[in-house]
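I opened this notebook to record what I looked up on charged side-chain pairs and on one helix. The entries follow the display.

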Amino acid sequence: MTLQEYKDKNKLTNKDLAKLIGLTGKNPIVSVIRYLKSERIPHPKIMNVITKKTGVQPTSFYEAYYAKYKI
C-alpha cells in the first residue's frame, strides 16, 4: 500500500495526514504533498512514524521515487 492509497482509504485530507504523522514546521502540508507525488522521500524518523501509524512500508516510497526519476 502507498501513502496515497492509505490517505484515500481513510478519507484523510493532506492536513489530517500531516497531523497523523506528526509533521510540524512552516508548512507541513507541502511535505505531505511531496511525499504523495514521490518528489521527496521522508526522513528516516518520519518514515518510522509513517510505518507505525499507517502500515505503509518504506519500500513503497523508494519504488515510486525511483520509478518516477528512472534511477
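Entry 1, salt bridge. I found that the side chains of E39 and K68 meet in a salt bridge, at 3.9 Å from N to O. I applied the rule that a side-chain nitrogen of Lys or Arg lies within 4 Å of a carboxyl oxygen of Asp or Glu. E39 lies in the loop between helix 3 (28–36) and helix 4 (44–54), and K68 in helix 5 (residues 58–69), so the pair ties together parts that are 29 residues apart in sequence. By this rule I count 1 salt bridge.

The model is predicted: local features need pLDDT of at least 70, side-chain atom pairs count only at pLDDT 80 or more, and totals for chains, interfaces and linings use all residues. Residues are numbered from 1 along each chain as its sequence is written, and side-chain values use heavy atoms, leaving out hydrogens and water. Helices are DSSP runs (H or I, at least four residues), numbered from the N terminus.

I took buried as under 20% relative accessible area, exposed as over 50%, and partly exposed as in between (1.4 Å probe, protein chains only). E39 is partly exposed at 39%, and K68 is partly exposed at 40%.

I listed its buried residues as I46, M47, I50 and T54. They cover an arc of only 105° around the axis, which puts them on the same side of helix 4; the arc is taken from the directions from the helix axis to the C-beta atoms. The face turned away from the buried side of helix 4 carries the exposed residues P44, K45 and K52. After helix 4 comes G55, with a positive phi near 85°.

Key. Helix = DSSP H or I, 4+ residues; strand = E, 2+ residues; numbered from the N terminus.
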